Amino acid sequence: MTTILAADLAAYSRLMAADEEGVVSRLRAIWSEVVKPMVRQSGGRVVKTMGDGFLAEFQSPVEALRTALAIQEAMESRDTDRPEQERLRFRIGMHVGDVVALDNDIFGDAVNVSARLEAIAPVGGICLSRAARDQVKGRIDVVLRPIGEVSVKNIPDPIEAWVIGSDPCDVYGAAATLPAVVVMPFEEIGSEDEFFADGVVDEITSALSSVGDISVIARQSAFSFKGRIVEVRKVGRELGARYVVTGAIRRSGARVRISVQLNSALTGANLWSQRYDDELKDLFDLQDRIASHVAGAISPSIRASEIAAARAVAPMERRAYELYMSAFPHFWAHRSEENERAIELLTSANKRDPDDFRALALRAWAYAQQATYMWSETPLKSRENAQSDAEAAVLSAGEHAPSLVAIAAALGMTGLDHERAGGLLERALFLDPNSAWGWMRMGWNHVYLREVPEGLAAFDRAEALSPRDPFLFNIQFGRGYAKGLVGEYDEAIKLVKLGLTAGPGVTWAYRDLASFCANAGRREEADEAVEALMQSYPGLTIRRVVDSMPPATHSRHQGFLEGLRRAGVPEG
């Protein structure tokens with residue numbers, strides 16, 4: 001049983017390509033001046049040095065970690081006169097386990113695990129297994145940040161890991177609040193030219209570049225890997241990306257099949273994959289459609305991964321970005337207590353970073369939900385909070401499409417200035433045409449203005465972009481409300497019921513169902529809907545509905561409230 005440190009030089013290939021002789025000379029100095037003396041002084045042994053790294057063993061996990069920290073500190077103070085991209089930096093993995101000694105070398109799973117942990121360590125940082133972390137926890141004054149379970153090559157079971165150094169959401173040195181994705185060159189099979197594959201990659205890269213919460217690695221950087229078989233984690237380390245998009249295109253006559261995958265550069269895990277079959281009639285139209293679908297699917301997949309990473313961080317250690325990401329599952333759960341929790345997390349994010357407009361924008365939408373869905377005993381106050389946050393966030397939102405959507409949602413749900421809300425949504429969709437939430441809110445904005453055909457078209461676009469979206473039920477409700485506006489009550493009832501099936505427990509929609517059933521003369525169904533509504537909202541009155549729902553429902557759509565009165569909801 002021993003403690004293993006495995007270290008590797010970050011960006012070794014790039015550094016060697018730029019200055020092979022100089023890098024070799026500097027590494028020799030590091031072995032003799034830093035690594036070997038520090039390991040020896042701590043009672044450890046350098047098992048071997050490789051071209052770009054070293055392997056060391058210690059009897060004491062605490063001494064091993066102290067040595068790793070000292071080495072990283074020493075490396076930080078070297079080459080300070082060089083540009084950042086030319087400085088030598090290690091990643092270090094640490095694990096405690098059994099090894100087999102043979103001559104002066106060591107072998108076994110413990111060595112393999114250490115090497116795999118090194119590959120996912122931050123640049124200039126350390127990654128520890130649970131076995132190592134349990135041995136040093138509380139014995140060294142250093143912050144250990146959990147990154148959850150990671151699957152690594154040739155190790156059958158996932159490894160629970162912690163990092164020291166850059167934040168766990170920033171393990172490749174990318175901007176911590178903006179996850180970076182790279183679209184790799186697609187393999188083209190069945191064609192001598194590759195212009196079509198290159199065009200698809202260009203369009204996907206361009207479409208992803210418009211997503212406000214994603215940073216996209218430049219196309220020319222990605223194309224430096226063209227024709228090479230490279231593991232996605234190595235791509236991530238080399239290019240500073242947390243996510244890697246790969247794909248293949250097969251052509252047979254006029255038929256084309258495109259396969260696309262999204263992988264985590266941290267773990268190598270596949271996060272999303274899709275296959276598209278089409279005909280090669282209009283080249284540019286096909287490229288546009290594929291890019292739109294891929295970008296629309298990849299964005300929520302990355303969001304889900306970022307949420308999982310943020311929630312793996314201990315609550316007291318979460319930064320504003322991690323608190324913001326942690327709020328999403330509560331926000332879209334569409335329950336009173338969950339929405340309240342989202343508001344709490346976003347309030348904490350705002351306290352950690354008062355300049356983070358994203359938290360303000362999303363909190364504005366959450367406050368609007370609190371009022372609209374009758375989760376507040378003081379709905380007018382919730383409206384006021386939503387509008388206050390929206391007005392504060394809009395000053396800084398700039399070109400951040402998701403925040404513009406959230407601000408527009410808050411304003412549209414709590415006021416009558418739908419022209420302004422529509423302008424914000426148009427701007428958001430210009431920046432990110434593949435925002436399903438943007439199209440969903442645009443649909444509702446058209447409905448508030450009684451622009452039914454435009455609203456239905458926007459809802460269709462939203463569902464096409466994200467057919468499994470957490471707001472799918474709200475898309476159905478929007479369609480139902482639109483049909484109710486033009487007196488197509490039977491269709492409206494059908495759509496609201498579909499929404500209730502997609503979002504079970506979303507009980508506020510029974511007010512829509514009650515109104516439409518009453519207006520359609522379906523008395524028995526209206527009674528059932530009112531009974532379900534009153535069970536969720538005891539003592540509900542028309543007055544409370546008016547104070548809660550978007551003002552357009554009673555200012556422009558009198559038929560809705562008349563339906564509720566016919567259904568038996570008291571005036572109050």
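Predicted model: local features only at pLDDT ≥ 70, side-chain atom pairs only at ≥ 80, totals over all residues.
The residues that line the largest cavity divide into 18 nonpolar, seven polar and six charged, where Ala, Val, Leu, Ile, Met, Phe, Trp, Tyr, Cys and Pro count as nonpolar, Asp, Glu, Lys and Arg as charged, and the others, Gly among them, as polar. Residues are numbered from 1 along each chain as its sequence is written, and side-chain values use heavy atoms, with hydrogens and water left out.

The structure holds two cavities of 30 Å³ or more, and the largest has a volume of about 410 Å³. A cavity here is a set of points, on a 1 Å grid over the protein atoms alone, where a 1.4 Å probe fits but cannot get out, and lining residues have an atom within 4 Å of a point; grid points are joined across faces, edges and corners, and a volume is the space filled by probe spheres set on the points. Of the 31 residues that line the largest cavity, those closest to its centre are Asp 213, Ser 299, Arg 303, Pro 402 and Trp 437. Two or more lining residues come from each of the elements α8 (283-311), α9 (320-331), α11 (357-372), α13 (401-414) and α15 (436-448), and α8 gives the most, with six residues. Helices (H or I, at least four residues) and strands (E, at least two) are DSSP runs, numbered from the N terminus.

The second largest cavity has a volume of about 160 Å³. It is lined by 15 residues, of which Thr 372, Tyr 373, Trp 444, Trp 508 and Arg 511 are the closest to its centre. The elements α15, α17 (472-485) and α19 (510-519) each give two or more residues to this lining, which by class has nine nonpolar, three polar and three charged residues.

Among contacts (heavy atoms within 4.5 Å) with a separation of 6 or more, 65% join residues 24 or more positions apart.

For residues 3-118, an unreviewed UniProt entry lists "domain: Guanylate cyclase"; UniProt positions are given in the numbering used here, feature names are shortened, and annotations may be inferred rather than shown by experiment. Over this stretch the chain is 48% helix and 28% strand, and the end C-alpha atoms are 14 Å apart.

Asn 339 lies in helix α10 (residues 336-352) and counts as buried because its relative accessibility is 2%. Its side chain reaches the backbone oxygen of Ala 366 at 3.0 Å, a polar contact being a pair of N or O atoms within 3.5 Å, of which, within protein, one must be able to donate a hydrogen and the other to accept it, and residues adjacent in sequence count only if both atoms are side-chain atoms. Leaving aside residues up to four places away in sequence, Asn 339 touches His 330, Phe 331, Ala 366, Gln 369, Gln 370 and Trp 375.

Gln 370 is also touched by Ser 376, as are Ser 382 and Arg 544, again not counting residues up to four places away in sequence. Ser 376 lies in the loop between α11 and α12 (379-394) and is buried, with a relative accessible area of 6%, and a polar atom of its side chain lies 3.0 Å from the backbone nitrogen of Thr 378.

Ile 214, in the loop between α5 (195-209) and β12 (215-216), counts as buried at 7% relative accessibility, and its C-alpha atom is separated by 7.8 Å from that of Ser 299, 85 residues apart along the chain. Ser 252, in strand β13 (residues 243-252), is exposed, with a relative accessible area of 55%.

Most residues other than glycine have a negative phi. Arg 450, however, has a positive phi near 65 degrees; Arg 450 sits in the loop between α15 and α16 (452-465) and counts as partly exposed at 45% relative accessibility.

Conventions:
Buried < 20%, exposed > 50% of the residue type's maximum accessible area, 1.4 Å probe, protein only. 1 Å grid on protein atoms, 1.4 Å probe; cavity = no way out; pocket = protein on both sides within 12 Å on 5 of 7 lines; lining within 4 Å.
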